[in-house]
Amino acid sequence: MQTETYWGMTLNPFTKELDVKDIFESEDMRQMSQRLEHLRNYPGIGLFTAPSGYGKSLALRKFTARLNPNLYKVVYTPFTSISESDFFRIVAERFGLAPAYRRGANISNINERMTRLCKDQKIMPILIIDEAQNIRSAGFFQSLQAMMNFEIDYRNYCILILSGEVDLNNTLDRGQNQAFAQRITINYDFQGLSFEETSEYIRTRMALANAASSIFDPAAIESAYECCQGSVRKLNSIISTALLIGCNEKARSVSAEFIRQAALEVSLIK
């Protein structure tokens, strides 16, 4: 029997493939959403950091889904482990430009493209750089700074969003990157799911699947909170696996033991 059917669920709600409207509104999500909205109203540079799986990308998906495509041009790239030249070539292509051979030419062309979009077409460009903790090139942030120089700092014609793991903060704190770091106008570090949020997350996800959250023993929810370590992604994996284990065992409820076993399996898979 399929896991969802066994537990009386109409779908698996512990997956990232859910509709944007069903994304769980944790405190981290709320804080990041507020800051993204501030950037929308006052264009500049935003920095968002958290351990992997805390929900940064979900927050970005929720934010961009609300934007009017006639007023905003969103360019997203997670490719940060490549050379600077390749990075700016990709960004140029995604802005609809023919990539140049030289990095400097691409930076200049991107700057010009963003300026024209904003000034002439009244379309605000939004460049989202995900997985930014992988940036290692000493000159990368100086290049980004050059790309963001508009009319001698009179105004910004682009919203730049950097999203990455916590190591990104250490990278930006280095001497050669501090000039760029000082231009960051919005900064938020995720705290992770609290116990109350973990409990509410499980309840609301089960409600989405038209199933009762009471199938989880109270001790199972406590165990899930301890095992997920604040990570939404890890919590999803643990809960999905625990439901499968419970189904295989033909159990009436999900116990703390099932959660611990699932956490071990998820850890081994990774």
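This is a predicted model: local features need pLDDT of at least 70, side-chain atom pairs count only at pLDDT 80 or more; totals for chains, interfaces and linings use all residues.
1. Partly exposed is the class between buried, under 20% relative accessible area, and exposed, over 50%. E112, with a relative accessible area of 40%, is therefore partly exposed.

2. E112 has a charged partner in R116: their side chains form a salt bridge, with N and O 2.8 Å apart. Both residues belong to helix 5 (residues 103-120), where a spacing of four residues puts them about one turn of the helix apart. R116 is also partly exposed, at 29% relative accessibility. A network elsewhere is made by salt bridges with shared partners, which join E37, R40 and R66. In total, the structure holds 11 salt bridges.

3. Helix 4 (residues 84-94) supplies another pair. D86 and R89 are joined by a salt bridge of 2.5 Å, N to O. The two residues are three apart in the helix, so about one helical turn separates them. D86 is partly exposed at 34% relative accessibility, and R89 is partly exposed at 24%. Side chains of opposite charge can pair when their charged atoms come close.

4. Which residue forms a salt bridge with D22? The partner is K21, and the closest N and O atoms of the two are 3.4 Å apart. The accessibility of the partners is worth a remark. D22 is buried because its 18% relative accessibility falls under the 20% limit. K21, at 65%, is exposed because its value is over 50%.

5. Beyond its neighbours within four places in sequence, R89 is in contact with P99, A100, Y101 and N106. R89 and R103 are 14 residues apart along the chain, and their C-alpha atoms are separated by 7.4 Å. The R89 side chain also counts as making a polar contact with the side chain of D86, at 2.5 Å.

6. N106 sits in helix 5 and is buried, with a relative accessible area of 1%. What does the polar side chain of N106 find there? One of its polar atoms lies 2.7 Å from the backbone nitrogen of A100. Leaving out neighbours within four places in sequence, the contacts of N106 are F88, R89, A92, P99 and A100. R89, one of these contacts, is itself a residue of helix 4.

7. The largest nonpolar core has 53 residues, and the members that touch the most others are L144, M147, I161, L162 and F180. For L144, the contacts outside four places in sequence are F87, F88, I129, L162 and F180. In soluble globular proteins, nonpolar side chains tend to be buried together.

8. Is strand 3 (residues 124-129) enclosed or open? Six of its six residues are buried, so the strand is largely enclosed by the rest of the structure. M124, I126 and I128 point to one side of strand 3, while P125, L127 and I129 point the other way, and all of them are buried. I129 is also among the residues that L144 touches.

9. Strand 3 pairs with two other strands. With strand 2 (residues 72-77) the pairing is parallel and runs over six bridges; V74 stands opposite I126 there. With strand 4 (residues 159-164) the pairing is parallel over four bridges, and I126 stands opposite I159.

10. How many disulfides does the structure hold? There are zero. C158 is in no disulfide, since the nearest cysteine sulfur, that of C118, is 8.9 Å away and a disulfide needs sulfur atoms within 2.5 Å. C158 is buried at 0% relative accessibility, and C247 also counts as buried, at 7%.

Conventions:
Residues are numbered from 1 along each chain as its sequence is written. Side-chain values use heavy atoms; hydrogens and water are left out. A salt bridge is a side-chain nitrogen of Lys or Arg within 4 Å of a carboxyl oxygen of Asp or Glu. Buried means under 20% relative accessible area, exposed over 50%, partly exposed in between (1.4 Å probe, protein chains only). A nonpolar core is a set of buried Ala, Val, Leu, Ile, Met, Phe, Trp, Tyr and Cys residues joined through side-chain atoms within 4.5 Å. Contact means heavy atoms within 4.5 Å. A polar contact is a pair of N or O atoms within 3.5 Å; within protein, one must be able to donate a hydrogen and the other to accept it, and residues adjacent in sequence count only if both atoms are side-chain atoms. Two strands pair if DSSP finds at least two bridges between them.
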